[in-house]
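Dear colleague,

I am handing over the structure below, and my notes on what was found in it follow directly after. Please read them with the coordinates open beside you.

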Amino acid sequence: MATPYIITISSEKGGVGKTTVATNLAIYLKALQEDLPVTLFSFDNHFSVDKMFRIGKSQPAGNIAEFFAGRPLRELIELGQFGVQFISSHRDLAPLRHSLQSPDILTRLLAANDLPGVIIIDTRPDLDPLTGNALYAADRVIVPVKDMPSLENCRNLYAFFDQHGLSRKALQLLPCLIDSRVRFEGPFKDSSQLLKAYAINRGYRCFNGHISKSPKVDSLNTNPEGKIYPILTHGRGTEVHAQFTQLAQQVLDDFRMERNFRLDTVRLETGRQEVSRAGALALRKAQLRTDCALCGRTVIDSGEIAEVGYYWEVNDGTAAGMLDEGCFSASIFQHFFRSSRELPADDPLRELFRESTQRSYFALCQPPETRGHFRQQLAFYRFDDEGLMLSRKVIDPPASPGQLGRLLELIQDDGRRLGEKFLILRRVDSDFADAILLEENHLRLRQATERITQQLRPR
Ligand SMILES: Nc1ncnc2c1ncn2[C@@H]1O[C@H](COP(=O)(O)OP(=O)(O)OP(=O)(O)O)[C@@H](O)[C@H]1O
Ligand SMILES: [Mg+2]
């Protein structure tokens, strides 16, 4: 699977030259290495990238918001001028910004795609969730700085990297919009040198050179055709042309030297997480009792789970297993609802019970108010999906508990008395019984157990 090198252009300060760097760097990279795939993403809601690269009046193949909705990159990428690829921008990215709760979503989406070469991401002058995602994915972050306030703002970018455990080495400052006519007396001759001195003093890394301010470059955005012209074709006479060539060469060298691409690291990490998830599932499965704790029938044979209806766990997690659906409902009916007759599988009462158990947790235990009393009682609780109590039924412990007795042994102490332990039960779909053991489902069960434990404490 191909791994792209990801370059994010970011600065919280507006108008420092981010879009100019993103778009022109793409063109200069292509000029230096024609066969290098270069793809531009714009996380801003203006259409500079589209205006500069779209050939003719072709309809966009899709847009950046669709990429976040899960559409594959190959369906969205458009081949543009100078051989630069791009994804069409989107006018309203606000809803997307709200839905990107976590900074690793873009990284995961890119890791799932197979795009070679270099991706350049232009961002908004704001550390919003979209920019955060672009920073999180980056092998290299180019930070244009044009003055002291923009240098001050770099602090937040470094803080973001520290906060997410990312290597600061990815961040590199580039003095931009430098007016070369302004000269200083003393050791620093111009504002680029001064900015770099401040930057280095703070431990920030900088690119060699800078990008000068040029009236010619500024004019490339404004023309009767409403186009944005590239520096390579329309600003060759300026010093900025040579500066962009130097910048692209540095970026290309870094790209060629890079041994640990960010996406490879993330893919490896994700792979490891999946392996450990699969390991945790296998372990939980291996720890299940192989028989039904009510009737003793073998329900798990060589890791295969037979037709079952309920999952149970002792609240402290020390034992777990599966129960036959019929055994459980028969025991509950017999002892808690005084139904003496054996109910056939299609009995409406059993059917009703089965349905009502879909989104519930059950608990079997001694009711908290009788704990420590000589006279024991037994309670059957029903809780909702969140673990909040819906109903409870209390009975005297049956004189001849039958199958239920075996189940209760799981929570009795050595003197066969009920104590603080309880059984938590959850209905399972017999075709996917082990789904309850999957990380996220089991975590939900543990959380519900936690809440149930609080409600079963003596007051
Ligand atoms: N080297 C340059 N010389 C002169 N003008 C420049 C240069 N680079 C950019 N500009 C001009 O500065 C303005 C801001 O540039 P640009 O849009 O690239 O900045 P930006 O950081 O992307 O802004 P925003 O934060 O609004 O997205 C534009 O009008 C652009 O034409
Ligand atoms: Mg911009």
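Around ligand 1 there are 17 residues, and those that come nearest are Thr19, Thr20, Ser212, Ser214 and Asn221. Please keep in mind throughout that this is a predicted model, and that every value quoted here is computed from it.

The side chain of Thr20 places an N or O atom 2.5 Å from an oxygen atom of ligand 1, while a polar backbone atom of Ser212 is 2.8 Å from a nitrogen atom of the ligand. Gly17 likewise takes part through its backbone, where a polar atom is 3.0 Å from an oxygen atom of ligand 1. Taken alone, the ligand would expose 620 Å², and the protein buries 79% of that area. As for its setting, ligand 1 sits in the largest pocket. Two elements give two or more residues to the shell around the ligand, namely helix 1 (18-32) and helix 10 (215-219); of the elements, helix 1 gives the most, with 3 residues.

On the overall layout, the domain assignment divides the chain into domain 1, covering 5-269, and domain 2, covering 287-455. The C-alpha centres of these two domains lie 58 Å apart.

Helix 7, which spans residues 129-137, deserves a separate look. Because 8 of its 9 residues are buried, helix 7 is largely enclosed by the rest of the structure. The buried residues are Leu130, Thr131, Gly132, Asn133, Ala134, Leu135, Tyr136 and Ala137.

Leu177 has a phi near 50°, which is a positive value in a residue other than glycine, and its place is the loop that runs between strand 7 (171-175) and helix 9 (191-201). With a relative accessible area of 34%, Leu177 is partly exposed. Arg416 also has a positive phi without being a glycine, in this case near 60°, and the loop in which Arg416 is found lies between helix 16 (403-408) and strand 15 (423-427). Arg416 is exposed, because its relative accessible area of 54% is over the 50% cut-off.

Glu78 belongs to strand 3, which consists of residues 78-79, and Glu78 counts as buried because its relative accessibility of 9% is under the 20% cut-off. Asp384, in turn, lies in the loop joining strand 13 (378-383) and strand 14 (389-395), and it is partly exposed, at a relative accessible area of 22%. The C-alpha atom of Asp384 is separated by 9.3 Å from that of Thr357, although the two residues are 27 apart along the chain.

With kind regards

Terms used
Residues are numbered from 1 along each chain as its sequence is written. Chains are lettered from A and ligands numbered from 1 in the order in which they are written. This is a predicted model: local features need pLDDT of at least 70, side-chain atom pairs count only at pLDDT 80 or more; totals for chains, interfaces and linings use all residues. Side-chain values use heavy atoms; hydrogens and water are left out. Buried means under 20% relative accessible area, exposed over 50%, partly exposed in between (1.4 Å probe, protein chains only). Helices (H or I, at least four residues) and strands (E, at least two) are DSSP runs, numbered from the N terminus. Domain bounds come from an automatic or database domain assignment. A residue is near a molecule or strand if one of its heavy atoms lies within 4 Å of it. A polar contact is a pair of N or O atoms within 3.5 Å; within protein, one must be able to donate a hydrogen and the other to accept it, and residues adjacent in sequence count only if both atoms are side-chain atoms. Accessible areas come from the Shrake-Rupley method with a 1.4 Å probe; for residues, only the protein chains shown count as cover. On a 1 Å grid over the protein atoms alone, a cavity is a set of points where a 1.4 Å probe fits but cannot get out, and a pocket is an open set with protein on both sides within 12 Å along at least five of seven lines; lining residues have an atom within 4 Å of a point. A molecule sits in a cavity or pocket if more than half of its atoms lie within 2 Å of its grid points.
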